[in-house]
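Please keep the sequence and the model at hand while reading.

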Amino acid sequence: MSLQLPWTRKNAWIGVALLALALLLLPFVAGLFGNAWIRILAFAMLYVMLALGLNIVVGYAGLLDLGYVAFYAVGAYMYALLASPHLFEQFEWIRQTFPDGLHSSIWMVIPLSAALAAVFGVLLGFPVLRLRGDYLAIVTLGFGEIIRIFLNNLNAPINFTNGPQGISKIDPVQIGGISFGRSLDLGFITIPSVQLYYYLFLVLTVVVIVVSVRLQDSRVGRAWMAIREDEIAAKAMGIHTRNVKLLAFAMGASFGGVSGAMFAAFQGFVSPESFVLMESIVIVAMVVLGGMGNVAGVVLGAVLLYAIPEVLRLIAKPLQMAIIGDEVIAPEALRMLLFGLAMVLIMLYRPHGFIGRRHA
Amino acid sequence: MPDAASLPPEGTPILKAFGVSKRFGGLTALDDVAISIDAGQIYGLIGPNGAGKTTFFNVITGLYTPDGGVFLLNGQAYSPSTVHRVAEAGIARTFQNIRLFAEMTALENVMVGRHVRTHGLHAGVIGAVLRTAAFKASEAAIKDHAMQLLQYVGIDRYAQSLARTLSYGDQRRLEIARALATEPVLLALDEPAAGMNATEKNGLRDLLRKIQADGKTILLIEHDVKLVMGLCDRVTVLDYGKVIAQGLPAAVQSDPAVVEAYLGTQAHA
């Protein structure tokens, strides 16, 4: 311990305080260049939540899940249905029961989206209990697609999801009379709507980080890791592997559900197009590139993999115009190009991710 | 370490199994095997390759479902149908080809062994997330217990090393410590001396004697006849899934059936 003298408890708290201050002030700096930049920050938080949720399943319990975006979709559609005029317009009995339309409080939506996604996590978990590795990946991939295809087609004969058109006019988040849909005028300063969302997502992300770290270092976390390392030995140690695996699926899914609900509120619109296979793959890439099982690594992986392509998208055109005087490569193409390049390079030079597992 | 107070008096069978049979398709791997292990014994299970020793192990620990047999642990019938229940009932095992949690530290490996003896709300997600006083106390107790067991088997200096970085002999010891962490009434070791050199074998023998002296009952599968004869109180010899000899090591050693099984039938002159 004496070797790490500067890293005392007090210094650690100072570090945390400085980091918190930086994260609070960051959107003001980003905002100088336009709200699009704050939007990137807010979305990065959503992806951190997603990546940490998947990290529980993939990183801790070692269960490769390629359909994780399904839980994001479940959370998003849950909020969309509970806080938009869609169901109100479709069903007579809802019009009678809720004459003012469906509006759900955020305090109800967050736990409910976590719980509903957890239920879906268990639904996915049950049939795949005996599968591992490639086989598990294929089945979970199928699960992700099933959810998306359902959302795409549940508009007939009864219109639940409005199909490919998606659901719009979703209520913005409202906390204590403050609507996140408008900018907040504090008198001396005006905080734009995106920045309010950024702060909300930041708080949720911190909660998700704390839960992740605390679970890792606990009886439950050790049981997950034991299953990841050797399932038979874990059983022989008396671990009820079925329940412990289902718990991993449920916990991981619940983070995705909350993130999805926030996404729906933030966008005001959801459609099945947001929940394609590519999204699942990107989230897996965040976990793997960041460092499976390592919370700090996964956070870094999520921020970098989300933010870098977005930043490139914003600066690619002006940069090309300035240097070459013409737009040679479309920003979208450049984004995928660099994404692929980053994956290849990291797997070559840092096969355990930016930050490997704790000791490696 | 293991507390002798909770154990039944010497002489009662800890594990009693009879009529045990297991078939894989047309192959009868175990045929009407009976075994009775008394408290405090080191019980050897030997036999040539393919005799069914590991199959028997896998049956009593719940890894394979038996086709028949009665199983009593500590005088109570138990059904070896699910591995984790067997561990909870009190049989802890090691594996022939070491199965540690490679990417976890030695200490964490043993802490996993405490899983089955830790119960209550504080042991679940809620306790872990809220870090309640009960959770902290329980974690401290688990860590303490695990550390003591590492000391007990003599590898506490590697507590923070990843299990995969330990030497072969130390990995075997770690597996034993992890098994002891579940507070078993029967410690079942599947070829613990396999691949060990002479020094490591001596160390293992001392360790097993110490565990026995502390009141544990041990079931041992072993190839090394010398080790078994010097260590075990009772021996059962299996061949082609059948018990061919049973009793004191010296008597078993000179049994013609055993000699035949190991060396083959002597050609008639």
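Into which domains is chain B divided? Chain B consists of domain 1 (1-90 + 184-269) and domain 2 (100-183), with bounds that come from an automatic or database domain assignment.

This is a predicted model, in which local features need pLDDT of at least 70, side-chain atom pairs count only at pLDDT 80 or more, and totals for chains, interfaces and linings use all residues. Residues are numbered from 1 along each chain as its sequence is written, while chains are lettered from A and ligands numbered from 1 in the order in which they are written.

| Item | Value |
|---|---|
| Separation of the centres of domain 1 and domain 2 of chain B, over C-alpha atoms | 27 Å |
| Residues of domain 1 of chain B in contact with domain 2 of chain B | 13 residues |
| Residues of domain 2 of chain B in contact with domain 1 of chain B | 13 residues |

Contact here means C-beta atoms, placed from the backbone, within 7 Å. On the side of domain 1 of chain B that touches domain 2 of chain B, helix H2 (83-89) and helix H7 (198-213) of chain B each give two or more residues. H7(B) gives the largest share of that side, four residues.

The largest nonpolar core has 186 residues, of which A:Ala51 and A:Tyr79 touch the most other members. Such a core is a set of buried Ala, Val, Leu, Ile, Met, Phe, Trp, Tyr and Cys residues joined through C-beta atoms within 7 Å; buried means that 20 or more other C-beta atoms lie within 10 Å of a residue's own. Helix H2 (residues 35-60) of chain A supplies its largest share, 19 residues; helices are DSSP runs (H or I, at least four residues) numbered from the N terminus. Because domain 1 and domain 2 of chain B both give residues to this core, it lies between them.

Terms used
A residue is buried if 20 or more other C-beta atoms lie within 10 Å of its own, exposed if 12 or fewer, and partly exposed in between; C-beta atoms are placed from the backbone. Two residues are in contact if their C-beta atoms, placed from the backbone, lie within 7 Å.
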